[in-house]
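Reader: Hi! Could you walk me through this one in plain words?
Author: Happy to, let's bring it up.
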Amino acid sequence: MTAKDFRPRVLVTKIGLDGHDRGSRIVAAACRDAGMEVVYTPPWQSIPAVVKLALEEDVDVIGISSLATDHLIVPKLMAALHEAGLNRVRVVVGGIVPDNEQAQLIESGVRQIFHPGTTLDDITTQISTYATEARLAAAETGV
Amino acid sequence: MNKSLSPSIEQDAVELTPQLAWEQEYRESMGEERPVENVSGIPIKPLYGPQDWQRYGDHNPLSYPGQADYTRGIYATMHRGRTWTQRQLIGLGTPADYNARLRSLMDDGATAVSLIPCNSVFRGYDMDTVDAELLGTCGVVANNVDHMERSLEGVDVGKISCAMNDPSPFTLLAFLLIAAERRGTDWRTITGTSNQSDYISHFVANHMFYRLSLPGARRVLLDHIAYCKQFVPRWNPMSVVGQHMQQAGATPAEAMAFTLSTAIQNAEDCIARGMQPDDFLPRFTFFFDISLNFFEEIAKFRAGRRIWSRITKDRLGAKDPRSRRFKFHGQTSGVDLTRQQPLNNISRVTVQAMAGIFGGLQSLHTDAYDEALACPSEFGARIAVATQNILREESHLTDVIDPLGGSFYVEALTDQMEEKILSIMKIVDDAGGMYKAVESGLVQRMLGASAQRFQNRVDSGEQIVVGVNAYKVDEDASAHTIVERPDPAAMQAHMDGFTAWKRERSAVEVDKALDHLTRTAEDPSGNLFGAIVDGARANLTHGEICERLRRDLGFGQPLTIV
């Protein structure tokens with residue numbers, strides 16, 4: 001695989017109970033504009049549904065958008081991904097995550113938290129980097 | 001004077017009018033200038049004069065407050081007679097938590113109840129069917145009449161106006177009515193609003209409250225309006241919402257246009273059902289976002305009032321002046337708030353609130369400064385209330401009605417916003433009305449494009465956001481983050497109480513009430529909201545009512561367009 005023919009595959013979604021999706025739609029469109037393959041879902045996805053989709057679509061990165069405390073169940077998602085053998089998939093969270101609740105996300109394996117005010121450029125660049133990482137990890141482990 | 005010295009300059013100086021002289025000096029001093037546009041895409045000139053006001057429309061001279069076309073306000077006395085209702089959103093934890101916060105905010109100056117239910121309630125579920133971590137983090141966990149009673153303990157619902165954030169199927173109002181019944185409060189004394197009862201706005205912009213299929217939600221809303229008219233006559237069952245759409249990216253002109261088109265859709269649905277315009281229109285209220293573009297927001301409200309006044313009379317056939325009044329609640333825009341240097345948000349909220357006040361609102365919610373960090377803390381909420389108190393009591397903003405009326409700029413901009421709003425409403429009309437326009441995704445696409453445009457302007461630095469793309473400083477945001485989460489033990493006790501209560505109620509009564517819901521859903525002439533109130537009386541839970549109606553009326557799937 002060369003850098004040239006590599007197209008990151010990213011799943012942009014919302015878990016939990018919140019329906020505000022302005023941010024996730026904008027990020028999904030920006031990823032697509034940046035040349036990525038984007039799988040986008042409406043809000044209210046269950047954790048098993050996200051795991052299933054990540055498997056079926058063979059994504060490199062999962063972007064979780066959270067504006068109303070849905071980040072609190074991200075550790076559950078990380079555990080479910082682990083259980084499904086999807087350790088190579090990189091997970092990022094964007095939206096409103098209070099400072100004192102960041103550590104538990106990072107500890108559960110989340111790569112990065114994008115706070116409000118991050119430019120779309122920064123977000124897509126980072127996601128690309130994580131996607132490359134994920135793809136290399138897959139090549140190493142054969143998963 | 002020696003005419004041989006630069007005769008041309010001498011001659012120009014004699015012939016130039018003050019206006020041309022200013023224009024010339026302005027051009028010379030400014031040099032190259034980037035054109036200025038407001039968010040709605042209207043070009044903004046550097047100076048306005050009488051010629052700008054008279055160029056558009058035929059609304060000069062101005063009408064008087066309380067008289068059609070209501071540009072200057074819907075009441076003769078406006079804020080000088082009675083200031084806006086101070087309505088802070090609160091919702092937190094268990095009903096006991098909510099009650100404590102409500103009463104403390106009322107001590108601080110809030111004058112009405114506003115109840116925000118937990119996201120699990122918004123989604124149509126009871127607390128025992130969702131992730132426990134999420135319970136009560138953004139609203140109160142109220143699933144039955146007992147929970148409503150506890151939430152409103154010590155609050156006389158026959159005297160204090162209650163806004164329930166309560167989209168179809170309106171279980172919260174049903175719980176409130178039965179709670180009132182138990183206390184012996186006459187339903188005819190109950191005032192308030194089914195806040196955000198507009199299913200269209202939820203469908204378009206904010207899947208948050210979207211519980212039923214589009215046709216199902218339409219049916220329940222119409223039944224709700226008819227039922228309230230008959231049994232709770234002082235209640236406002238229809239709250240048409242522009243706020244969600246503007247928060248989701250619509251420009252101020254788009255948000256106003258889509259809201260007015262939604263109001264037309266709902267009114268025409270009511271008329272098709274056999275209701276008289278003057279029976280329901282006086283109970284229509286509107287709910288808008290107030291963003292930071294100060295004059296644009298003021299012009300948006302003045303233009304909206306004027307358009308609604310005309311539509312109600314000419315298109316909907318209203319005769320009663322009360323039907324033509326554009327009553328609205330405003331909420332300062334959360335999207336404008338920044339995580340960076342969050343105390344700056346207090347200034348932003350102040351400017352937004354002033355735009356709403358000069359725009360002539362009837363009710364105001366000011367956001368807490370910490371909303372871009374977490375759900376508002378009690379500290380943040382108290383500052384938001386104090387901001388309103390200061391604007392109302394200290395700054396004399398309410399001394400004069402429509403104080404910006406007659407400003408060349410504000411009047412010209414009001415006319416231009418009116419034109420812009422009407423042109424967007426025409427697009428919706430051409431698509432067959434608002435219901436069809438959202439069913440097909442037309443409105444969602446326009447909104448998404450505007451959201452993208454705004455983000456690009458911020459990313460490119462064309463739109464300055466202090467602390468985000470300009471004037472950055474290193475600051476530890478955690479110093480301002482006060483996260484309040486419900487006490488897990490109290491939430492567990494709330495859950496245990498709910499489980500025990502469910503076990504103890506009469507299963508026969510529950511089954512009967514559920515059957516009654518289904519039979520009413522199957523009968524187009526039956527009133528579903530009446531069946532929901534009966535269900536609340538028979539101890540159905542919120543989740544049970546939603547689940548049954550989903551089954552009978554169709555499940556709502558968000559329509560997503562990226």
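Reader: Which residues form a nonpolar patch on the surface?
Author: Ile464(B), Val466(B) and Tyr471(B) do, with about 310 Å² of accessible area together (Shrake-Rupley method, 1.4 Å probe, only the protein chains shown as cover). Patch residues have over 30% relative accessible area and no salt bridge, with nonpolar side chains (Val, Leu, Ile, Met, Phe, Trp, Tyr) joined within 5 Å and like charges within 9 Å; a salt bridge puts a Lys or Arg side-chain nitrogen within 4 Å of an Asp or Glu carboxyl oxygen. This is a predicted model, where local features need pLDDT of at least 70 and side-chain atom pairs 80 or more, while totals for chains, interfaces and linings use all residues. Residues are numbered from 1 along each chain, chains are lettered from A and ligands numbered from 1 as written, and side-chain values use heavy atoms, without hydrogens or water.

Reader: Where is Tyr471(B)?
Author: Tyr471(B) sits in the chain B loop between helix H19 (442-460) and helix H20 (488-504) (helices are DSSP runs of H or I, at least four residues, and strands of E, at least two, numbered from the N terminus).

Reader: Buried or exposed?
Author: Tyr471(B) counts as exposed because its relative accessibility is 63% (exposed is over 50%, buried under 20%, partly exposed in between).

Reader: New topic: what volume does the second largest pocket have?
Author: About 1000 Å³. Tyr75(B), Arg82(B), Asn236(B), Arg283(B) and Lys327(B) are the closest to its centre of the 39 lining residues. A pocket is an open set of 1 Å grid points over the protein atoms alone, with protein on both sides within 12 Å along at least five of seven lines, and lining residues have an atom within 4 Å of a point.

Reader: Which element gives the largest share of that lining?
Author: E4(B), with 3 residues.

Note on methods: Buried < 20%, exposed > 50% of the residue type's maximum accessible area, 1.4 Å probe, protein only. 1 Å grid on protein atoms, 1.4 Å probe; cavity = no way out; pocket = protein on both sides within 12 Å on 5 of 7 lines; lining within 4 Å. Points joined across faces, edges and corners; volume = space filled by probe spheres on them.
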